[in-house]
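The sequence and the structure come first.

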Amino acid sequence: MKFFSAVVAAIALATSASAAFSSCGSSTDDFQLSSVTYTPNPPVVGQSVCITIQGTLSTPVTQGATIHVTATFWGINVYDQTSDLCAGLAGGATPCPIATTVGNVTDCITVPSNVPAGVQINLQATANNAGGERLFCIAGPLTFSS
């Protein structure tokens, strides 16, 4: 009943992940986060970063799941987008539906060249399953290298 995957999409859609990410959800969320790791650390603007997320999934992630990602810089909202979670995972090793037996998910993305290096961005990602049930909420700071 371990799950690591849906968070990867959240982070991939937000551009990258930070080891300082933690759950901002509750004990009733369908995904309980154990860890978030990425390589390289820190992520480098314009280069590939691979993100691995681990946790426990109590309900399968189904087609129609969404993820809402926000990013703030000095309290100013600089990114706000809701996307199809399964579409974000479609090209990876763990496409939807995601079974509760999945223990971790790794996804590699390229950090866009327009991401500012050397400044801390605070990210939050909240995902909901197709029926509206909250899968998870994760949040944390992220600083990119050049």
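**Overview**

Of the 146 residues in the chain, 43% are buried, meaning under 20% relative accessible area with a 1.4 Å probe and protein chains only, where exposed is over 50% and partly exposed lies in between. The model is predicted: local features need pLDDT of at least 70, side-chain atom pairs count only at pLDDT 80 or more, and totals for chains, interfaces and linings use all residues. Residues are numbered from 1 along each chain as its sequence is written, and side-chain values use heavy atoms, with hydrogens and water left out.

**Fold and surface**

- The chain has two helices and eight strands, which are DSSP runs (helices H or I, at least four residues; strands E, at least two) numbered from the N terminus.
- Along the sequence their order is α-β-β-β-β-β-α-β-β-β.
- Carbon and sulfur atoms hold 53% of an accessible surface of about 6,500 Å² (Shrake-Rupley method, 1.4 Å probe).

**Nonpolar core**

- The largest nonpolar core has 33 residues, and Val61, Leu85, Leu135 and Phe136 touch the most other members; such a core is a set of buried Ala, Val, Leu, Ile, Met, Phe, Trp, Tyr and Cys residues joined through side-chain atoms within 4.5 Å.
- Elements giving two or more residues to this core include strand 2 (31-39), helix 2 and strand 8 (134-143).

**Alanine 99**

- Alanine 99 sits in the loop between helix 2 (85-89) and strand 6 (104-110).
- Its relative accessible area is 36%, so alanine 99 counts as partly exposed.
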